[in-house]
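Good morning, and thank you for making time for this item. Please have the display open while I speak.

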Amino acid sequence: MEEDSGLIQQLSDCSEELLLRGLSQFSIRDTQLLEQLGTNAQRLQMHFLYELISGVLEAGRKVALGEGQEEQLLDQYCRLTQYVQLSKQSQT
């Protein structure tokens, strides 16, 4: 359970940083961090969370490479952030 909480906290920190920086500034470094967090979600058998992270990764890679639409990234980002916030609330 501690690992679950740690992963949720890391995702919360990541999402706050992205919000402050702006999603249009999504970078390859962000994809690397999310890939690592996605791997941790898989290891912890958090399949739905992994799907949400994968959605942000896919849209984020496209934006970082100048090929994607920021609206799609925003949609995926909001879904992940809502899940993270609900998870944090349920842990308290």
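This is a predicted model: local features need pLDDT of at least 70, side-chain atom pairs count only at pLDDT 80 or more; totals for chains, interfaces and linings use all residues.

Val84 has its place in helix α4, which covers residues 70–91. Is Val84 buried or exposed? Its relative accessibility is 1%, so Val84 counts as buried. Setting aside residues up to four places away in sequence, Val84 touches Ile8, Leu11 and Ser12. As for Leu57, that residue lies 27 residues from Val84 along the chain, and the two C-alpha atoms are separated by 16 Å.

Which residues is Leu37 in contact with, leaving aside its neighbours within four places in sequence? They are Leu7, Gln10, Leu11 and Ile53. For Gln10, the separation from Leu37 is 27 residues in sequence and 7.9 Å in space, C-alpha to C-alpha.

A second residue of helix α2 is Asp30. Asp30 carries a charge in our count, yet at 2% relative accessibility it counts as buried. Not counting residues up to four places away in sequence, Asp30 touches Leu18, Arg21 and Gln25.

Next, the loop between α2, residues 28–43, and α3, residues 47–64, is where Gln45 lies. Gln45 is a residue other than glycine with a positive phi, near 60 degrees. Its relative accessibility is 61%, so Gln45 counts as exposed.

I now come to the cysteines. How many disulfides does the model contain? The count comes to zero, the criterion being a pair of cysteine sulfur atoms within 2.5 Å. Cys14 is in no disulfide, and the nearest cysteine sulfur to it, that of Cys78, is 14 Å away. Likewise, Cys78 takes part in no disulfide, its nearest cysteine sulfur being that of Cys14, at 14 Å. Cys14 is buried, with a relative accessible area of 6%, whereas Cys78 is partly exposed, with a relative accessible area of 33%.

Let me close with the protein as a whole. The protein has four helices and zero strands, and along the sequence the pattern reads α-α-α-α. Its radius of gyration is 12 Å, close to the 12 Å that the globule rule gives for 92 residues, so the protein is as compact as a globular protein of that length. The C-alpha trace spans about 40 × 25 × 20 Å along its principal axes.

Finally, the surface and the charges. The accessible surface comes to about 5700 Å², and 48% of it belongs to carbon and sulfur atoms.

Definitions and conventions:
Residues are numbered from 1 along each chain as its sequence is written. Side-chain values use heavy atoms; hydrogens and water are left out. Helices (H or I, at least four residues) and strands (E, at least two) are DSSP runs, numbered from the N terminus. The radius of gyration is taken over C-alpha atoms; the globule rule is 2.2 Å times the number of residues to the power 0.38. Accessible areas come from the Shrake-Rupley method with a 1.4 Å probe; for residues, only the protein chains shown count as cover. Buried means under 20% relative accessible area, exposed over 50%, partly exposed in between (1.4 Å probe, protein chains only). Contact means heavy atoms within 4.5 Å.
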